[in-house]
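Please prepare a briefing on the structure shown here, grouped by topic and written for a reader who works with side-chain contacts and accessibilities.

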Amino acid sequence: MSIPAELKYTSSHEWVRVEGDTAVVGITHHAQESLGDVVFVDMPEVGDEVEKGDEVAEIESVKAVSNIYAPVTGEVVAVNEVIDDAPETVNSDCYGEGWLLKIRLADAAQVDGLLSADGYQAEIAD
């Protein structure tokens, strides 16, 4: 699967799509493929303040439990309720319906420090 060029990425395999003053966050195709079948996601609470680099969620698959890190600082303004009932959506549509949470950006400039699609591709090329 190609890496969507319009998104930004972290070396810990989160993606970010900016919508106004909000960052929509999910995990990359590479991450969900490495995890295998996702069975549960432990989400933060709406209203939680998060700092860039903080652990904000846990994703559990048949193989492992992995941490999800905040790619930006801000306030959690939404979590994807679909994931509660259908965690496998993370596997089937990681860049679409399988998004995890939305963070209101405290500092939009943080997005500029994230990886481009090419930069992320280089990170996972090994």
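Across the whole structure, which is a predicted model, a search finds 3 salt bridges. Two of these contacts involve Arg104, which pairs with Asp21 and with Glu75, while Glu19 and Arg17 form a further one.

**Salt bridges**

- Arg104 and Asp21 form a salt bridge in which the closest N and O atoms are 3.9 Å apart; because Arg104 lies in strand β9 and Asp21 in the loop between β2 and β3, the pair ties together parts of the chain that are 83 residues apart in sequence.
- With a relative accessible area of 37%, Arg104 is partly exposed, and Asp21, at 43% relative accessibility, also counts as partly exposed.
- Glu75 meets Arg104 in a salt bridge whose closest N and O atoms are 3.1 Å apart, and this pair links distant parts of the chain, with Glu75 in strand β8 and Arg104 in strand β9, 29 residues apart.
- Glu75 is partly exposed, its relative accessible area being 25%, and through shared partners the salt bridges join Asp21, Glu75 and Arg104 into one network.
- The side chains of Glu19 and Arg17 meet in a salt bridge with an N to O distance of 3.1 Å; Glu19 is partly exposed at a relative accessible area of 38%, and Arg17 is partly exposed at 25%.

**Aromatic pairs**

- A search of the whole structure finds 2 aromatic pairs, and one of them, formed by Tyr9 and Tyr120, has ring centres 5.0 Å apart and planes at 15 degrees, so it is a stacked pair.
- This pair links distant parts of the chain, since Tyr9 belongs to strand β1 (residues 8-9) and Tyr120 to helix α5 (residues 117-124), 111 residues apart; both Tyr9 and Tyr120 are buried.
- Trp15 and Tyr95 form a tilted aromatic pair, 6.1 Å from centre to centre with 50 degrees between the planes.
- Trp15 sits in strand β2 (residues 14-19) and Tyr95 in the loop between α3 (89-92) and β9, so that this pair, too, links distant parts of the chain, 80 residues apart; Trp15 and Tyr95 are both buried.

**Nonpolar cores**

- The largest nonpolar core has 26 residues, and those with the most contacts inside it are Ile27, Val41, Ile59, Val90, Leu100 and Leu101.
- At least two residues of this core come from each of β3 (22-27), α1 (29-35), β4 (38-42), β6 (55-61), β8 (74-79) and β9 (101-105).
- Another core, of 12 residues, lies apart from it and has Leu7, Ala78, Tyr95 and Trp99 among its members.
- When residues up to four places away in sequence are not counted, Val90 touches Ile27, Gln32, Val38, Val41, Ile59, Ile83, Gly98 and Leu100.

- Val50 is found in strand β5 (residues 49-50) and is buried, with a relative accessible area of 7%.
- Leaving aside neighbours within four places in sequence, Val50 is in contact with Val56, Ala70, Val72, Thr73, Gly74, Val76 and Ile103; the C-alpha atoms of Val50 and Gly74, which are 24 residues apart along the chain, are separated by 5.5 Å.
- Ile68 lies in strand β7 and is buried, with a relative accessible area of 2%.
- Not counting residues up to four places away in sequence, Ile68 touches Glu14, Ile27, Asp54, Glu55, Val56, Ala57, Ile59 and Leu100.
- Ile68 and His13 are 55 residues apart in sequence, and their C-alpha atoms are 8.5 Å apart in space.

**A nonpolar surface patch**

- Val39, Phe40 and Val62 form a nonpolar patch on the surface, and together they have about 280 Å² of accessible area.

Conventions
Residues are numbered from 1 along each chain as its sequence is written. This is a predicted model: local features need pLDDT of at least 70, side-chain atom pairs count only at pLDDT 80 or more; totals for chains, interfaces and linings use all residues. Side-chain values use heavy atoms; hydrogens and water are left out. A nonpolar core is a set of buried Ala, Val, Leu, Ile, Met, Phe, Trp, Tyr and Cys residues joined through side-chain atoms within 4.5 Å. Buried means under 20% relative accessible area, exposed over 50%, partly exposed in between (1.4 Å probe, protein chains only). Helices (H or I, at least four residues) and strands (E, at least two) are DSSP runs, numbered from the N terminus. Contact means heavy atoms within 4.5 Å. Patches are made of residues with over 30% relative accessible area and no salt bridge: like charges are joined within 9 Å, nonpolar side chains (Val, Leu, Ile, Met, Phe, Trp, Tyr) within 5 Å. Accessible areas come from the Shrake-Rupley method with a 1.4 Å probe; for residues, only the protein chains shown count as cover. A salt bridge is a side-chain nitrogen of Lys or Arg within 4 Å of a carboxyl oxygen of Asp or Glu. Rings of Phe, Tyr and Trp (its six-membered ring) pair if their centres lie within 6.5 Å; planes under 30 degrees apart count as stacked, over 60 as edge-to-face and the rest as tilted.
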